[in-house]
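Biologist: Please take one part of this model and go through it closely, then show how it connects to the rest of the chain.

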Amino acid sequence: MPTPSLAALPIRRLTLRDLTACADLSEDRGWPREEHKWGLLLAAGTGYGIDAPDGGLLTVCVVTEYGSRERPDLSAIGMVLVAKRHARQGVGRRLMRHVVEEVGTTPLTLHATPYGRPLYEELGFKVTGRVEMVSGHFVTGGPHPKVFTRPATAGDLTTVLRLDEEVFGCDRTHVITRLPAFSDQLRVAEEAGRITGYAAAWPNMDNHVVGPLIARDTETAKALIASLADHIDGPLRTDIDVRHEELLSWVKEHGLVSTGFNAVMTYGISELPGDWTRRFAPLTVAAG
């Protein structure tokens, strides 16, 4: 039988049953398998993909919506992948066009690698920011930030959700409520009984990712990172908004090194909602 044209292959919704195939596609492109992260994204978001004629997935992406279910305020696109054997044949562009049409008037955001940025610009996305990826073994030294932190409890969840929506600019309840099970560490910063920030560290292959990181100020962000590092063995990785220069300098002084930059891009809005001065790192660049 003749092989069907790639342009004729149907785009379908993915489910958690596709998790292994998504991880296989990541590995095919030289990315880590990241099955733990895929599980969260497919559960909290909507995956789209095309099945390859020769087996597996041809291309995928995940859209995570924020705000009300009926009328989302923002959608984040992530994990845009095309199988290596079918690269540069227009299937990634076709999938992205489908997603843009599917979300309608909902504003979009994504973190673009230098490789992917030209495609997104062609589709109408604009660069509105930049994050720096840093990783390494956190080295304790010098004065500890003088901000009290502690493990988050179930009783903190309502306050954390309220703070997160205020800073992020959209309701992320369906994602943030998954953090206690998804992360190995979830901590809050507190002053006079009031929560002033929170952060999680979740396992991802051979390291832990710090994110989300929401904090009243840089000292609070430092305290949260230091407290997470105190309770985790092995390397940390995070993606910090480059406007937070003081925090970036501090983590580098404590052993983390720069591993690259991603462009923050938007479609349908000129800038992201919320308060960037208190938003230091995303949960993951794939979900904003």
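Modeller: Glu34 is buried, with a relative accessible area of 6%; buried means under 20% relative accessible area, exposed over 50%, and partly exposed in between, with a 1.4 Å probe and protein chains only. The model is a predicted one, in which local features need pLDDT of at least 70 and side-chain atom pairs count only at pLDDT 80 or more, while totals for chains, interfaces and linings use all residues. Residues are numbered from 1 along each chain as its sequence is written, and side-chain values use heavy atoms, with hydrogens and water left out.

Glu34 sits in the loop between H1 and H2. Helices (H or I, at least four residues) and strands (E, at least two) are DSSP runs numbered from the N terminus. Although Glu34 is not a glycine, its phi is positive, about 50 degrees. Most residues other than glycine have a negative phi, and most peptide bonds are trans. Gly30, which follows H1, also has a positive phi, near 85 degrees.

With neighbours within four places in sequence left aside, Trp38 is in contact with Leu19, Cys22, Ala23, Ser26, Arg33, Val60, Val62, Met79 and Leu81, contact meaning heavy atoms within 4.5 Å. Trp38 and Val60 touch the most other members of the largest nonpolar core, which has 39 residues. A nonpolar core is a set of buried Ala, Val, Leu, Ile, Met, Phe, Trp, Tyr and Cys residues joined through side-chain atoms within 4.5 Å. Another core, of 26 residues, lies apart from the largest one, and its members include Phe138, Ala201, Leu248 and Phe280.

Met79, one of the contacts of Trp38, is in strand S4. Met79 counts as buried at 6% relative accessibility, and its phi is positive, about 55 degrees, although it is not a glycine.

A pocket is found on a 1 Å grid over the protein atoms alone, as an open set of points where a 1.4 Å probe fits, with protein on both sides within 12 Å along at least five of seven lines; lining residues have an atom within 4 Å of a point. About 1,100 Å³ of space lies in this largest pocket. Its lining has 39 residues, and those closest to its centre are Trp31, Val80, Thr113, Tyr115 and Tyr120. A volume is the space filled by probe spheres set on the points, which are joined across faces, edges and corners. S4, helix H3 (91-103), strand S5 (108-112), helix H4 (117-122) and strand S11 (236-241) each supply at least two lining residues. By class, the lining has 19 nonpolar, 11 polar and 9 charged residues. Here Ala, Val, Leu, Ile, Met, Phe, Trp, Tyr, Cys and Pro count as nonpolar, Asp, Glu, Lys and Arg as charged, and the others, Gly among them, as polar.

The second largest pocket has a volume of about 380 Å³. It is lined by 25 residues, and Asp241, Arg243, Val264, Leu272 and Arg279 are the closest to its centre. Two or more lining residues come from each of S5, strand S6 (126-136), strand S10 (207-215), S11 and strand S13 (279-281). Strand S10 also holds Pro212, and the peptide bond from Gly211 to Pro212 is cis, with omega near 0 degrees.

Thr284, in the segment after S13, counts as buried at 4% relative accessibility. Leaving aside neighbours within four places in sequence, Thr284 is in contact with Lys37 and Trp202.
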